[in-house]
Protein chains: 2
Amino acid sequence: MDIDSANTTAVTRMMEARPILKSVATARDVIPGMKDNLFLHAGPPIEWARMSGPLRGAIIGAMLFEGIAKSEAEAVSMVERGEVEFDACHHHGAVGPMAGVTSASMKVYVVENAEHGNKSFSNLNEGYGKVLRYGAYSQEVLKKLRWMNDVLGVALADALAVSNGIDMRALIAEALHMGDEGHNRNKAGSLLYLKLISPLIAKVVKDDAMESEVLQFIGDNALSVLNPVMAACKAMTDAAHGVEGSTIVTTMARNGTDFGIRVSGLGERQWFTAPAEIPVGLFFSGFSQADANPDIGDSAITETAGIGGFAMATAPAIVTFVGGTPKDAMNATLEMYEITFAESKYFTMPSLDFRGTPTGIDIRKVVELGITPRINTGIAHKNAGVGQVGAGLVRPPLTIFEQALLAYAEKYNL
Amino acid sequence: MDIDSANTTAVTRMMEARPILKSVATARDVIPGMKDNLFLHAGPPIEWARMSGPLRGAIIGAMLFEGIAKSEAEAVSMVERGEVEFDACHHHGAVGPMAGVTSASMKVYVVENAEHGNKSFSNLNEGYGKVLRYGAYSQEVLKKLRWMNDVLGVALADALAVSNGIDMRALIAEALHMGDEGHNRNKAGSLLYLKLISPLIAKVVKDDAMESEVLQFIGDNALSVLNPVMAACKAMTDAAHGVEGSTIVTTMARNGTDFGIRVSGLGERQWFTAPAEIPVGLFFSGFSQADANPDIGDSAITETAGIGGFAMATAPAIVTFVGGTPKDAMNATLEMYEITFAESKYFTMPSLDFRGTPTGIDIRKVVELGITPRINTGIAHKNAGVGQVGAGLVRPPLTIFEQALLAYAEKYNL
């Protein structure tokens, strides 16, 4: 078996995928297998008993949002009576940042890969601070979620309906030339998104005050485009999955308890997991490292697709948010070339003479060199109901790559 | 006399100036000394006989726009009969990119320096290609100018009227962390401008199609914010002018024939001029170096204020537009530290560990080292009526700094 040839196929499919943001729709109408008592979450599958604080908080919040529970206590007892179901976003073509909790009534972005035909989904971004995805579920959090679903989501849906869609690969490529790395820094990308969506919103939203509020929200949230970017990366990495013999990682995801990966040449639902590490970084005023939950979120799909922590060399200003120096950011990218199979054809970094980003993590290289991927991440408070407390850097445990390589050797009789 | 102390005063005034974009208004109503037969232009003062093609073209276009001439021939004969007057934008608190031609009916940005109280002005940006500021004046060019004046300009005026103004120093600082240098690359700044202005435009423009068109125009023009940025730099550098004993340059400007500078400790209208160089750079398809006009435009006010070519280290992607490599861009900035008096307190560059941009050109250092300032610039076709043909780099002639230093020595009996 020619592993390099399989990896070339996988990485080429990943890079040649052309994710187009096509629409915004209600989750139950578009996400395969979505139903009213199902709550999707970030990372590999996990049962309630093992869920961390922020994931539990986000599930409680989503149950309140859906109106199937009236209080935290009621939500918890419903969960304990087995009246709701959980599954990984990744099992439904979806990805969500941090807790990633996505429920049936939520509006979601729909991305289509124009090259290979697969679809992907992600919820809408709430901005920074006390937000559901970090496990907060106060009235204020729920009120914002309702506005996002009923006003912002409708405006985005109507706007995209009168467009030909947004080419996310082109948007990401441009943002990487504007100091974004596409995971924790999506400032330029969010403004490029505003630029593309605002003339459409002007056409479809009739109420001036509402329209002004929508444009303000999109523009003020430097993470507005994170979720479409993640869905785009999901569409790219899904296109690379299932290539017989490939050792390329097609998923990295964390549920706040476990870090899980999947590999192109191994099974569709074959996760390799181990306890997630606690990110190290900069904390918001009043919080410290002791408050940090273990690593959480599907957003490591960005690194899986060759951006995020892998593209930090192009985003030196990110160190004000995640810590370290611009030199560290440069070194993070350079190190990732050691464990990747290719350099991106479309995502380039001016500061490295327009070199393509390190793309396609090869489990063989990770294990051989003992170098694990770098991930930029937000940091959630470890307790339910609090929210974001900082941002920083983290790596997956090496053992999951070792497990994957063993499973690979077994499957392919090596 | 303590020159360093004078320069500290001048550069501190330049950096501490806080330019706020307050409004858009008609030139005749706000620009001091503006009148119906007066045409302001970029650079030091110049008579018609010595004007280059693109400046003549822009003046003809502005006369057609004003309706005081019906044809090119009529415009030229009116000029030759002395029926119109010319003056430097800089003599009226104004700045304009390239030809910089500003006439009485044109809408202009009004910037106020909240720290020192002075005002500055700049016209609206037309985008790339066949545009008045590069000397084009076809019907298509005039039609766009009319739309800009009657639709875009009114929308911007109404939008700013319901705001507290836009803090241009903060906008520039943020754009420099997003890969802009603020002169030839204003991609991020223009999107930051869109972000701030779009919720206001949503409030004031009642017609959906018109509003959509306005947002599209602002978002699609990666130079939308150039003119407010230039006006901001003008407000900053004007605040630094007139400091007794200071050797800091407060104006660099070109009219397509001459390059002129002014110096803080010398006269308000005391220009030092010499023939402008021809920029070297990358040309649009179908054009070459042989088509290039000598250096033109007031936009070198950006370098005078410590951004533009001086901040290229933070904008490596600009080399796709002006030529060279990211390393050249880095070196351009490093070289400018040799001839400047200070490092900006507010404009920092992540790629240089957040070092402040080189700020405040000192004529003593320029002459002593023989290093002239680096300027990023658009390149105009040398003939009237054509337009932009490329973009590149240029430097002022050394002799004007020598002239200035002689005048300084004479004035201060050194």
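## Pockets, a helix and some loop residues

About 200 Å³ of space lies in the second largest pocket of this predicted model. Domain 1 (18-229) and domain 2 (241-411) of chain B both contribute residues to the lining of this pocket, so the pocket lies between them. Its lining consists of H177(A), Y128(B), N184(B), R185(B), N186(B), K187(B), A222(B), A317(B), I318(B), T320(B) and F321(B). By class, these are 5 nonpolar, 4 polar and 2 charged residues.

The largest pocket holds about 640 Å³ of space. Among the 36 residues that line it, M330(A), S351(A), A313(B), M330(B) and S351(B) are the closest to its centre. Two elements give two or more residues to this lining: α12 (326-336) of chain A and α12 (326-336) of chain B. The lining has 23 nonpolar, 8 polar and 5 charged residues.

| Pocket | Volume | Lining by class |
|---|---|---|
| Largest | about 640 Å³ | 23 nonpolar, 8 polar, 5 charged |

Next comes a helix of chain A. Helix α6 (residues 168-176) has 7 buried residues out of 9, so the helix is largely enclosed by the rest of the structure. The buried ones are M168(A), R169(A), L171(A), I172(A), A173(A), A175(A) and L176(A).

In chain B, H90(B) sits in the loop between β3 (85-88) and β4 (94-95). Apart from neighbours within four places in sequence, the residues in contact with H90(B) are V95(B), K234(B), T251(B), A253(B), R262(B), W271(B), D298(B) and I301(B).

Two further loop residues have a positive phi without being glycine. F354(A), with phi near 65 degrees, lies in the loop between β13 (340-349) and β14 (355-361) of chain A. F354(A) is partly exposed, at 24% relative accessibility. In chain B, D353(B) has a phi of about 55 degrees and is placed in the loop between β13 (340-349) and β14 (355-361) of that chain. D353(B) is exposed, with a relative accessible area of 52%.

How values were computed
Residues numbered from 1 in each chain as written. Chains lettered and ligands numbered in written order. Predicted model: local features only at pLDDT ≥ 70, side-chain atom pairs only at ≥ 80, totals over all residues. Heavy atoms only, no water. Buried < 20%, exposed > 50% of the residue type's maximum accessible area, 1.4 Å probe, protein only. Helix = DSSP H or I, 4+ residues; strand = E, 2+ residues; numbered from the N terminus. Contact = heavy atoms within 4.5 Å. 1 Å grid on protein atoms, 1.4 Å probe; cavity = no way out; pocket = protein on both sides within 12 Å on 5 of 7 lines; lining within 4 Å. Points joined across faces, edges and corners; volume = space filled by probe spheres on them. Nonpolar A, V, L, I, M, F, W, Y, C, P; charged D, E, K, R; others polar. Domains from an automatic or database assignment.
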